[in-house]
Amino acid sequence: MKNKIWIVVAILALAIFGNEIYKQVNKKPKSAKATRLDCQKTAVTFEKVVKKDLIKNLQQTLKSGDYTLDVWADKAKYMKSVMFEYVDIKVIHNDIKQKIKIYPSNHIIAEKTNDVFIDVMVYENDKKDPGKKTKKSKLYAGYLEFAFKVDKKVVYKIQIDFMDLKGNDIPDRISCVVKSVMSLGE
């Protein structure tokens with residue numbers, strides 16, 4: 001009788017141990033998809049802090065207005081580009097500057113930087129791109145990709161999708177990006 005109990009216990013232990021190994025081997029990798037803020041949950045958003053030690057300096061410099069901003073378009077290549085008949089890069093540029101101005105400067109810059117640069121790509125989703133094989137990859141109209149740099153080093157990157165081909169949701173996405181960068185470290 002004792003041998004049967006030990007056999008059952010051994011089989012049970014082996015099953016539990018085997019199940020844990022299976023879970024570890026088949027664990028899904030962590031996604032870079034952002035859900036830190038409510039606005040990030042309304043659109044597919046990816047963010048990455050690259051240089052955590054420069055975040056406060058970046059935020060203070062943005063608040064002071066002492067930065068360079070470059071906004072550029074990445075148009076569809078396999079299909080006729082339509083989005084930029086409605087979406088104006090200059091309007092996006094001005095909207096970004098206005099949304100950053102909402103955050104008041106405390107006029108204290110802890111460490112003066114040589115250069116703060118925001119590189120913004122406005123990407124038009126190319127639905128005829130042969131690399132896009134799923135229906136899901138063709139749902140969005142495009143995305144905004146921001147790279148915030150201090151002294152030519154990327155400090156923070158964020159990408160956020162927009163759904164409207166005419167770009168009507170772009171102002172909300174810009175607000176979310178600015179809120180995201182300004183709330184880092186809180």
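Modeller: A residue is called buried when its relative accessible area is under 20%, exposed when that area is over 50%, and partly exposed in between (1.4 Å probe, protein chains only). The structure is a predicted model, in which local features need pLDDT of at least 70 and side-chain atom pairs count only at pLDDT 80 or more, whereas totals for chains, interfaces and linings use all residues. Residues are numbered from 1 along each chain as its sequence is written, and side-chain values use heavy atoms, with hydrogens and water left out.

Colleague: Which residues of helix α3 are buried?

Modeller: Helices (H or I, at least four residues) and strands (E, at least two) are DSSP runs, numbered from the N terminus, and the run called α3 covers residues 55-64. Because 7 of its 10 residues are buried, α3 is largely enclosed by the rest of the structure. Those buried residues are Ile55, Asn57, Leu58, Gln59, Gln60, Thr61 and Leu62.

Colleague: Which elements do the buried residues of α3 pack against?

Modeller: Contact is taken as heavy atoms within 4.5 Å, and α3 itself is followed by glycine 65, whose phi is positive, near 85 degrees. The buried residues of α3 pack against both strands and helices, namely β1, α4, β3 (116-124), β4, β5 and α5.

Colleague: Which residue in β5 is the bridge partner of valine 49?

Modeller: Strand β1 is joined to β5 (residues 153-162) by 5 bridges, and the two run antiparallel. In β5, the bridge partner of valine 49 is tyrosine 156.

Colleague: How are α4 and α5 oriented to each other?

Modeller: Two packed helices are described by the angle between their axes and the distance between the axes. For helix α4 (residues 89-101) and α5, the angle is about 40 degrees and the axes are 10 Å apart, while the residues that meet include Ile92, Ile96 and Lys99 in α4 and Ile174, Val178 and Met182 in α5. Angles under 35 degrees count as roughly parallel, over 145 as roughly antiparallel, 65 to 115 as roughly perpendicular and the rest as oblique. The two helices, α4 and α5, are therefore oblique.

Colleague: How far apart in space are lysine 97 and leucine 69, C-alpha to C-alpha?

Modeller: Lysine 97 is found in helix α4 and is partly exposed, with a relative accessible area of 26%. Not counting residues up to four places away in sequence, lysine 97 touches Tyr67 and Leu69. Although lysine 97 and leucine 69 are 28 residues apart in sequence, their C-alpha separation in space is 8.3 Å.

Colleague: How many residues apart in sequence are the parts that glutamate 47 and arginine 36 tie together?

Modeller: A salt bridge is a side-chain nitrogen of Lys or Arg within 4 Å of a carboxyl oxygen of Asp or Glu. Glutamate 47 is buried at 18% relative accessibility, whereas arginine 36 is partly exposed at 37%. Their side chains meet in a salt bridge (2.9 Å, N to O). Glutamate 47 lies in β1 (residues 45-49) and arginine 36 in the loop between α1 (2-25) and α2 (38-41), so the pair ties together parts whose separation in sequence is 11 residues.

Colleague: Is serine 180 buried or exposed?

Modeller: Serine 180 has its place in helix α5, and, leaving aside neighbours within four places in sequence, its contacts include Arg36, Glu47 and Tyr156. At 0% relative accessibility, serine 180 counts as buried.

Colleague: Which residue forms a salt bridge with lysine 77?

Modeller: Lysine 77 is exposed at 62% relative accessibility, and the closest N and O atoms of its salt bridge are 2.6 Å apart.

Notes: Two strands pair if DSSP finds at least two bridges between them. Axes are lines fitted to C-alpha atoms, for helices over the stretch in contact, and angles run from 0 to 180 degrees between N-to-C directions.
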